[in-house]
There are 2 protein chains.
Amino acid sequence: MVAVAGGRKKISESTIRRLSLYYRVLSVLEKENYQTVSSRELAKREKLTPAQVRKDLSFFGSFGTRGLGYPVSELKKQIGEILGLNRVWNVALIGVGNIGSALVGYKEFLRQGFRIKVIFDNDQRKIGSNHKGIKVSDIQNLEQDLRENNIEIVVIAVPATVAQYIVDDVVKAGIKAILNFAPLNLKVPPDVFLRNENMSMELEYLSFALKNLQDGKGTIK
Amino acid sequence: MVAVAGGRKKISESTIRRLSLYYRVLSVLEKENYQTVSSRELAKREKLTPAQVRKDLSFFGSFGTRGLGYPVSELKKQIGEILGLNRVWNVALIGVGNIGSALVGYKEFLRQGFRIKVIFDNDQRKIGSNHKGIKVSDIQNLEQDLRENNIEIVVIAVPATVAQYIVDDVVKAGIKAILNFAPLNLKVPPDVFLRNENMSMELEYLSFALKNLQDGKGTIK
DNA sequence: TAACATTTGTGAAGGATTTCACAATCGTGT
DNA sequence: ACACGATTGTGAAATCCTTCACAAATGTTA
Ligand SMILES: NC(=O)c1ccc[n+]([C@@H]2O[C@H](COP(=O)([O-])OP(=O)(O)OC[C@H]3O[C@@H](n4cnc5c(N)ncnc54)[C@H](O)[C@@H]3O)[C@@H](O)[C@H]2O)c1
Ligand SMILES: NC(=O)c1ccc[n+]([C@@H]2O[C@H](COP(=O)([O-])OP(=O)(O)OC[C@H]3O[C@@H](n4cnc5c(N)ncnc54)[C@H](O)[C@@H]3O)[C@@H](O)[C@H]2O)c1
């Protein structure tokens, strides 16, 4: 699904997602003072296969030492480099309701380099108020504020009914990356990256799994 | 990845995830008073291909009429049946902090048949308090309360540091389906279904995409 | 220095998923 | 009653992704 055209490589979406997992494990290993880690250990910690780990990494270079494994800190740095985590991204959040508030209160994002710099809402009672040190801006000033703050990633946490209108404006403002929590398929131009956070989908997956268990249709593995 | 053993079919995880999308679109179409819908239209609304839609559905039966398409309400009901959505699931939430509160306040889940029936926390200030009409229970009574309330799905929204201990208890209580928000790979027995909601992963995917854009490595499609 | 145990990096094989392409079938209009 | 346009359902082909299997390379030990 994901191909770097013009470049040499074809990196699958799954590989990129697994890089996130490796990065997370490496952070833990670093804290646990591991110097090196084998593909076997790395795989075990995320329920993957060693071959998968090595293949994923091989798309980007040779980071390991044969007979030894991978240097933990160095590999973490390298994957961070690949994923673009060795810097701070300016993020805007639109809609500070249930889920929006939760995101603003989550310090882990900042630690990973995602800084929520601006928050937008259209509720007069919320505009101007403070959320974790960030003043809520009026959605009226969306385009201008996005540009002035050099926002690179926008998180959509508004009701589904208005999400498309807002995204249209976000795109107009030149934003190229959007994380969407509203349960609908947003339309964006092909040069805009869109990811959806779909919690219902995960619950429905569990529902499906349980149902098949209960129907005695056999075990799902 | 997902196989119904003992049964006849092999249903991929991707297919199940797409069923969720079809279900969502069909709900919209139903509201828009569509009688029938073609695989072409269904595909367009979720950025898939018509062949994909037909193939997915064909794993479960023949729901359409050649020359006409699929009957909207009927297909929605059928997919609901497949996913186990035509009933109510009893859900427990553990950890009513930032994200937990957001989930409790989200009415859409109930509408989809996921009823948060019990909430657990270990914070004395929270235990006994009310969240949207649900009294917060003491995590001490976890096993007993899970059983007494016939809980079938547990949502984990506690800090990563304690998540594994809690999941161990949840598994002991006989729960077979877990949705996890904590950023770690939980260990569960093979007969327990575990899904992870990993927001960092999605942000990191966007980060990767933007970085590759900016490095002029070409366009990512 | 040489033998050994270990683990990487990677082509090739295998498996899974998606797309293609078309016969089969339906509703409609005449 | 029949012809036509539309659309499904599905084997087969194509593509994509994962796993295998092993040569190459390293650190260690004697
Ligand atoms: N709460 C959850 O747990 C949850 C889970 C999954 C998905 N979602 C989705 O996330 C989105 C937000 O959910 P929520 O529960 O936080 O809803 P909410 O109603 O609590 O929050 C929505 C916020 O958006 C603001 N808003 C509304 N219209 C706006 C506009 N035109 N411009 C700017 N701001 C506007 C509202 O003032 C409010 O603050 C919804 O699409 C919902 O379906 C929520
Ligand atoms: N807030 C977010 O936006 C967000 C995003 C992604 C992931 N997460 C993850 O979700 C989890 C919860 O995040 P949060 O921001 O809501 O944290 P939080 O600290 O606001 O909430 C955690 C809750 O768990 C409770 N808790 C702690 N230990 C417990 C125990 N042993 N038994 C029962 N309850 C216990 C706390 O009292 C608190 O109410 C974390 O693992 C976090 O990494 C949060």
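An oxygen atom of ligand 1 sits 2.9 Å from a polar backbone atom of A:Asn98, which qualifies as a polar contact, that is, a pair of N or O atoms within 3.5 Å, where within protein one atom must be able to donate a hydrogen and the other to accept it, and residues adjacent in sequence count only if both atoms are side-chain atoms. The model is predicted, so local features need pLDDT of at least 70 and side-chain atom pairs count only at pLDDT 80 or more, whereas totals for chains, interfaces and linings use all residues, and side-chain values use heavy atoms, with hydrogens and water left out. Residues are numbered from 1 along each chain as its sequence is written, while chains are lettered from A and ligands numbered from 1 in the order in which they are written.

**Ligand 1**

A polar backbone atom of A:Ile99 is also 2.9 Å from an oxygen atom of ligand 1, and a polar side-chain atom of A:Asp121 lies 2.5 Å from an oxygen atom of this ligand. On its own, ligand 1 has 820 Å² of accessible area, of which the protein covers 84%; such areas come from the Shrake-Rupley method with a 1.4 Å probe, and for residues only the protein chains shown count as cover. Two or more residues of the shell come from each of α5 (98-104) and α8 (160-172) of chain A and α5 (98-104) of chain B, and α8(A) gives the most, with 3 residues. Helices here are DSSP runs (H or I, at least four residues), as strands are (E, at least two), numbered from the N terminus.

Ligand 1 lies between chains A and B, and 23 residues surround it, the closest being A:Asn98, A:Asp121, A:Lys126, A:Val158 and B:Tyr106. A residue is near a molecule or strand if one of its heavy atoms lies within 4 Å of it.

**Ligand 2**

Because residues from chains A and B surround ligand 2, this site is shared between chains. Of the 23 residues around ligand 2, those that come nearest are A:Tyr106, B:Ile99, B:Asp121, B:Lys126 and B:Val158. The shell around ligand 2 divides into 16 nonpolar, 4 polar and 3 charged residues, where Ala, Val, Leu, Ile, Met, Phe, Trp, Tyr, Cys and Pro count as nonpolar, Asp, Glu, Lys and Arg as charged, and the others, Gly among them, as polar. Its largest share, 3 residues, comes from α8(B).

| Backbone atom of | Distance to an oxygen atom of ligand 2 |
|---|---|
| B:Gly97 | 3.5 Å |
| B:Asn98 | 2.9 Å |
| B:Val158 | 2.7 Å |

**Domains and DNA**

The domain assignment, which is automatic or taken from a database, gives chain A domain 1 (2-82) and domain 2 (89-201), and the centres of these two domains, taken over C-alpha atoms, are separated by 30 Å.

Around DNA strand C there are 27 residues, of which A:Ser39, A:Arg54, A:Tyr70, B:Arg18 and B:Arg66 come nearest. The surface near DNA strand C has 6 nonpolar, 14 polar and 7 charged residues.
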